[in-house]
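Okay, thanks for making time, everyone. Let me put the structure up on the screen and then walk you through a few parts of it.

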Amino acid sequence: MITVQGLTKVYGSRTALDAVSFEVPRGEIFGFVGPNGAGKTTTLRILAALLEPTAGHAFVDGADVIEHPDLVHDRLGYMPDFFGVYDQLTATEYLDFYAACYRIPRSRRKKIASDLLELVGLTDRRDQSVDTLSRGLKQRLCLARALVHDPAVLLLDEPASGLDPRARVEMREILKELQRMGKTIVISSHILPELTELCTMIGIIDQGRMRATGPVQDVIRQLTSGRRLRIMVLGQRDEAVATLKTLPSIRTVDMINGAIEAEYEGDDATAASILQALTAAAIRVSGFSQLDGGLEDAFLKATSEDVG
């Protein structure tokens, strides 16, 4: 659905993007993460056919962003990291205006606005002025705006920025619903824990270069040094630690906040054998769980100086 090949963007003496390449298949939610200034927004603006690259190619639903920008605009909805709302309009008037910009007939615009307001949970705010909406509600309205022409692809630049926890949960549920409707979604965000739950794929960019890309759990496994277990025992910590250290799959063992944390090399079957070894040693295990190294650990590893 989205293909990026060797994308490069140079501003004077500064290289904002350096041969960036990745693919997003149809129906995926792709999390695009990186530090400030890494090149995320530049990439999204190129994909939205709003900025020409210095070199390379990008395709959205088969349309070349350089040769066919009009086709890209038809097939893609872009939600930038600023509101760009018309404060004096009501929510319905706001969506009607943008639908008119896409030359949608007047006879269809009222239903489209009504359906989109229902989708993003703003039906009861349809006649409310945009300038009276909270930041979270404005974000939802901007998302609805990006959907007025029913695009196949959505590019969302920091959609949860500045939102409170409840508003972030609500936004996440809306995006999951859009995926169920068949949309392909690219999300630029700094809120890494939520991306782990929401996204099916991830791309990590730093200093204009792609450091890793692929399914979320594959990237985490690729970049984190090993899998970890949190183990709770009943009064036999020293014995448990000693037993763990004899196992060839165990890399490190630490005591953290009253629990044993063990890093190991292997898969779920290896974890099961570790538990079996503890019980065979007559250690009473009261808690045994996997600790996901997580996207945050993968991100830190990918953006460290020794990568690439």
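So, which domains does the domain assignment give for the protein chain? There's domain 1, covering 2–222, and domain 2, covering 226–291. Before I go further, please keep in mind that this is a predicted model. The C-alpha centres of domain 1 and domain 2 are 43 Å apart. Taken along the principal axes, the C-alpha atoms of the protein chain fill a box of roughly 75 × 50 × 30 Å.

In terms of secondary structure, we have eleven helices and 14 strands in the protein chain. Of the 308 residues in the chain, 49% are buried. And if you take contacts between residues at least 6 apart in sequence, 67% of them join residues at least 24 apart.

Now let's zoom in on a pair of helices. Helix 3 is 91–101 and helix 4 is 106–119. Their axes are 9 Å apart, and helix 3 packs on helix 4 at an angle of about 125°. The crossing of helix 3 past helix 4 is right-handed.

Who's touching whom there? From helix 3 you've got Ala-91, Thr-92, Leu-95, Asp-96, Ala-99 and Ala-100, and they meet Arg-109, Ala-113, Leu-116 and Leu-117 of helix 4. Sort the residues of that contact and you get seven nonpolar, one polar and two charged.

Sitting in the loop between helix 3 and helix 4 is Pro-105. If you go from Pro-105 to Asp-115, you move ten residues in sequence and 16 Å in space, C-alpha to C-alpha.

One more helix pair, then I'm done. Helix 9 is residues 237–245 and helix 10 is residues 268–280; their axes come within 10 Å and cross at roughly 130°. So helix 9 and helix 10 are oblique to each other, and their crossing is right-handed. On the helix 9 side, the contact uses Ala-240, Thr-243 and Leu-244, while helix 10 brings in Ile-274, Ala-277 and Leu-278. The residues in this contact of helix 9 with helix 10 come out as five nonpolar, one polar and no charged.

How values were computed. Residues are numbered from 1 along each chain as its sequence is written. This is a predicted model: local features need pLDDT of at least 70, side-chain atom pairs count only at pLDDT 80 or more; totals for chains, interfaces and linings use all residues. Side-chain values use heavy atoms; hydrogens and water are left out. Helices (H or I, at least four residues) and strands (E, at least two) are DSSP runs, numbered from the N terminus. Domain bounds come from an automatic or database domain assignment. Axes are lines fitted to C-alpha atoms, for helices over the stretch in contact, and angles run from 0 to 180 degrees between N-to-C directions. A crossing is left-handed if the near helix is turned anticlockwise from the far one by less than a right angle, and right-handed if clockwise. Contact means heavy atoms within 4.5 Å. Ala, Val, Leu, Ile, Met, Phe, Trp, Tyr, Cys and Pro count as nonpolar, Asp, Glu, Lys and Arg as charged, and the others, Gly among them, as polar. Buried means under 20% relative accessible area, exposed over 50%, partly exposed in between (1.4 Å probe, protein chains only). Angles under 35 degrees count as roughly parallel, over 145 as roughly antiparallel, 65 to 115 as roughly perpendicular and the rest as oblique.
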